[in-house]
Amino acid sequence: MNCTRIARALSPSVLALSLVLCSSVAILAQDDASQGPPQQQNVDEDDTEAQALAQAEEEGFVRLAEEVSVTGTLIPRKDLESLSPVALVNAEEITYQGTGRIEDLIQSLPQVFPSQNSTLSNGASGTATVDLRYLGEVRTLALIDGRRTGSDGTYHDLNFIPAALVRRVDVLTGGASSVYGADAVAGVINFVLDTEFEGVRGAVQYNGFQHNNNNATAQAMNEAAGFPVPTGSTWDGGSFNANLALGGRFAEGRGHATAYVDYRNIAEILKERRDYTNCAAMRGDDGPVCGGSGSAERARFISFDQNWNYLGDYILDPSTGNTLKPWEEERFNYGPYNHMQRPDRKWSGGAFARYTVNPHLEPYAEIMFMDDSTDAEIAPTANFGNTEVINCDNPMLSPQQRDLLCTQAGYGPDDDANVLTLRRNVEGGPRTSQFRHTTFRLLSGLRGDISPGWSYDLYGLHAQMSSPYSFINDFDIDRIGYAMDVVGDPSDPSTWRCRSGDPGCVPWNIFQAGGVTQEAIDYMSVAALSAYRTRTQMLNLTVRGDLEVYGVAFPSASEGVQLALGAEYRDERLSFIPDEVTQQGAAGFGSEVPGVDGSFNVRELFVEALVPVVQDTRGVEDLTLELGYRHAHYNLSGGNSSYKALLSWAPVNSLKLRAGFNRAVRAPNIFELFYPQNRGTGWTNDLCANDPETGVPTATLEECLRTGVSESQYGNLPGTSGLGVNGLYGGKQDLNVETADTLTVGLVWTPEAITGLSTTVDYYDIRLEDTIGSLEPESILRQCADTGDPLLCGLIHRDSVGSLWLPDGYVDARNQNIGRTGARGVDVSASYPLNLGGSGFVNLSLLGSYMLEKSLDNGVTDYDCAGLFGPQCWQPHARWRHRVRASWQTSFDTTISLGWRFISSVLNEVASDNPHLADPDEIESWKINGAYELPAYNFFDLAATYSFRDGLRLTLGVNNILDKDPQIAPGLDANDYGPGFFGMYDPLGRNLYANLQFEF
């Protein structure tokens, strides 16, 4: 083994560990060899290998499965019993669910809420993340065999998980920072891999969607708007998955190695393929209507006088093709262009190996790699009001247009008129974000016994992610201005030229129907390129001791105290490398995005103890205490401590009561500190802009003056054009740590009278202080208008016109410590095998969660979203969600499995009794539009598996058997842009799949 060559390829923090590992293996292997091989018995040649393996096991050279790692603790157990509430998903459930993506399986769990996923296009990161308790993906830690994935430094991309090796998935909800460090505030998702199997296993699977477009409401909306709408049956969205894994022992049983490869290819589905997503649903007077963007398909012009007082809003008249008429809410339907399933192609592979030199030394290593590519398509770009003037001698203007925009507005023939232009690049086609994530994870370590009762585990982790990102088919903002600033003879287009003289500039004639040329599009089009790079490096030493060997035990207990202690060092780095177009904000909405190169490190010490207090006595079969403490020191935010205290009491064998308290502390992560600052838009309307229906602002003059509107601008600000106000988002380096307290109380009941029945009930209460997040622009505007709070009003930056939706206006919504968050509820689970005699048996299982509270108090608003949805609560917070499965394992090699997923009804927040959510005046409108209350949803899934004699297993299934449509929920961006509704409710129709597994 060339240790030096390996070490040179690694980063400094892992280099030292690798050299130690290599040197130790070489030295101890020599020591072991000098002692000679273990004494062999006289056996037949055919039995040599079996005898060698048996003797190796007897002498401790092969690890025995006497203890297993349990999620939520550093101390191995003799069973999977945990003092913390843990939901378990086994490999069979993964097969029956028929998902080609791990994210879909995880999001079907009642404790998990939608986050970044495959249904997200506008605002996608190209990753798949998980959000426990709806406390945010940054507060959920994803683990592989109890260790950090480290896949991208902060957000744990589930695409990285090797589906071929997943043995089970443990979901621990509640604080676990004392065990795993920061980020485990809401809990952890631990993917337990089967790295010890022997043989060859693999699978191929194909998924596809069938849907009947017969949503009466959606059909009527689109027909009324004149939009073409899909009808009838459609088949699309096919995905192909294939994986292969090999595992086996070597060196007479001393070592074991496993290798895997995983491939996935998913086809796209555009929103035009479903009637309920074909247009952006908005609230109407008589029911939902198709909305859209104010950056229209035909050129739209908003006129101002020389003092920027609003004069009028006009759009190109299609009946003449070269004159303007008043804008009458003609909006661009961007819905059909957006992906609702992104195309995706993934390759991943890796290997796991260990070798037992002797009972004191077992080197091990893991290497994992993934390359994932996905595209996110959205509507064509536009001049989103990026140009603020039109030269009155522009030859592209018709006489009527020149008179309306210039002469009547008080401008002379040589003046530049104050005119904001909005116009879609319908000739150029959609914009596409092209993501690629290349992730590499290397872990190597040493473990073994130190002395009787003591063992150690030392490992180093190096993980890095590179994500080049391109945004193509956008417009260069400067070139839009050049292409519209044209001079020449109005009667002779051959004389028209760009005043700037910019090489290659071609006039963009949007003043006449059919006037746009491909040459003008090519000139203005630009691609924005950038790249994210993250790196995680860790060193961890854990020492475990069974103090019973030394007599450290309570006299009343049959087992001794167990201990785990250690130290950890972690270094996180984020680099963002934008091209010149991105840095200067030359494309799209014009938001400048600077480059970033930031890092932090943390040093931690931790200790954990398992203390049996009373055991095997009447009334107390077991009373055990579990304690943990971790101190972390961050170079940016200083020191903090997390701890836990858990108690388990089993009065009899069939009943166990458990309770626990966890203090979790989370320092701001690398993205929250250093994420590039940029601007984005939402549905929030400016309450000081003219309402498109009434023509006047919804706020008073006094209120609007507080938000930065001048007296002359009040009543003259045009509406937000369907885009919403601009928000400035991104990281800040002056953030404080978050602190979370979690209380859990529950029971485990396995009654002896009902053989096989197992039930759990757990109550949780999570309180998070100094929550890192951002205030919504709508909240900032409303509270500033109401109170005049200088801190909030200082976050509002209006442009020269007074607007917040044109490029220079925005609301500062960057990260800050915004207040308190709470989550409270009850989890239940049950399983029971029903014996059918000669017909086999049925496995019944239930996993459910009831939400009692999901609250936020950010100092501006204070509300509870449990059971609600709406503009502030966003996606549905259903109080009760469950997943029930009945699997009939027959006596004829077939298993038939029926699943039932349930989501309780949710009420629109406007009907809440909380003044920060309630809006009684809007209740009737929401009722008319069918979004006052979303009904309960039932999804049914069916799968059938046949096991062949030669190690083959075929599974056929269909999810969402009844082809249940998701909610339309007009007027909510969670339904239009975000993953909220399309992550909560099945968005694509019936999912049919076939899976062929083999193992030998």
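**Exercise 1.** In this predicted model, is Y643 buried, partly exposed or exposed?

*Solution.* Start with the number: the relative accessible area of Y643 is 31%. Next, bring in the cut-offs: buried means under 20%, and exposed means over 50%. The value for Y643 falls in between, so Y643 is partly exposed. Now try F661 in the same way: its relative accessible area is 30%, so F661 is partly exposed too.

**Exercise 2.** Work out what kind of aromatic pair Y643 and F661 make, and which strands the pair ties together.

*Solution.* A pair of aromatic rings is described by the distance of the centres and the angle of the planes. Take the distance: the ring centres of Y643 and F661 are 6.3 Å apart, and rings pair if their centres lie within 6.5 Å. Then the angle: the planes stand at 35°, so this pair is tilted. Finally, look at where the two residues sit. Y643 is in strand β31 (residues 638-652) and F661 is in strand β32 (residues 655-666), so the pair links parts that are 18 residues apart in sequence.

**Exercise 3.** Classify the pair formed by Y946 and F948.

*Solution.* Here the centres are 4.8 Å apart and the angle between the planes is 85°. Planes over 60 degrees apart count as edge-to-face, so that's the label for Y946 and F948. As for accessibility, Y946 is partly exposed at 36%, and F948 is partly exposed at 37%. Searching the whole structure turns up 20 aromatic pairs.

**Exercise 4.** Which residues have their charge over the rings of W926 and Y932?

*Solution.* Go ring by ring. Over the face of W926 you'll find R283, 4.1 Å from the ring centre. Over the ring of Y932 sits the charged end of K927, at 4.8 Å from the centre.

**Exercise 5.** Is D372 buried or exposed, and what does it touch?

*Solution.* Then check the contacts, skipping residues up to four places away in sequence: among them are R264, D344, R345, K346, R436 and H437.

**Exercise 6.** Describe the largest cavity: how much space does it hold, and what lines it?

*Solution.* The whole structure has 10 cavities of 30 Å³ or more. About 560 Å³ lies in the largest one. It is lined by 34 residues, with T99, D104, R901, D986 and P987 closest to its centre. Sort that lining by class and you get 10 nonpolar, 17 polar and 7 charged residues. Elements that each supply at least two lining residues include α5 (102-107), β46 (894-903) and α18 (980-984).

Note on methods: Residues numbered from 1 in each chain as written. Predicted model: local features only at pLDDT ≥ 70, side-chain atom pairs only at ≥ 80, totals over all residues. Heavy atoms only, no water. 1 Å grid on protein atoms, 1.4 Å probe; cavity = no way out; pocket = protein on both sides within 12 Å on 5 of 7 lines; lining within 4 Å. Points joined across faces, edges and corners; volume = space filled by probe spheres on them. Helix = DSSP H or I, 4+ residues; strand = E, 2+ residues; numbered from the N terminus. Nonpolar A, V, L, I, M, F, W, Y, C, P; charged D, E, K, R; others polar. Contact = heavy atoms within 4.5 Å. Phe/Tyr/Trp six-rings, centres within 6.5 Å; stacked < 30°, edge-to-face > 60°. Buried < 20%, exposed > 50% of the residue type's maximum accessible area, 1.4 Å probe, protein only. Lys NZ or Arg CZ within 6 Å of the ring centre and 35° of its normal.
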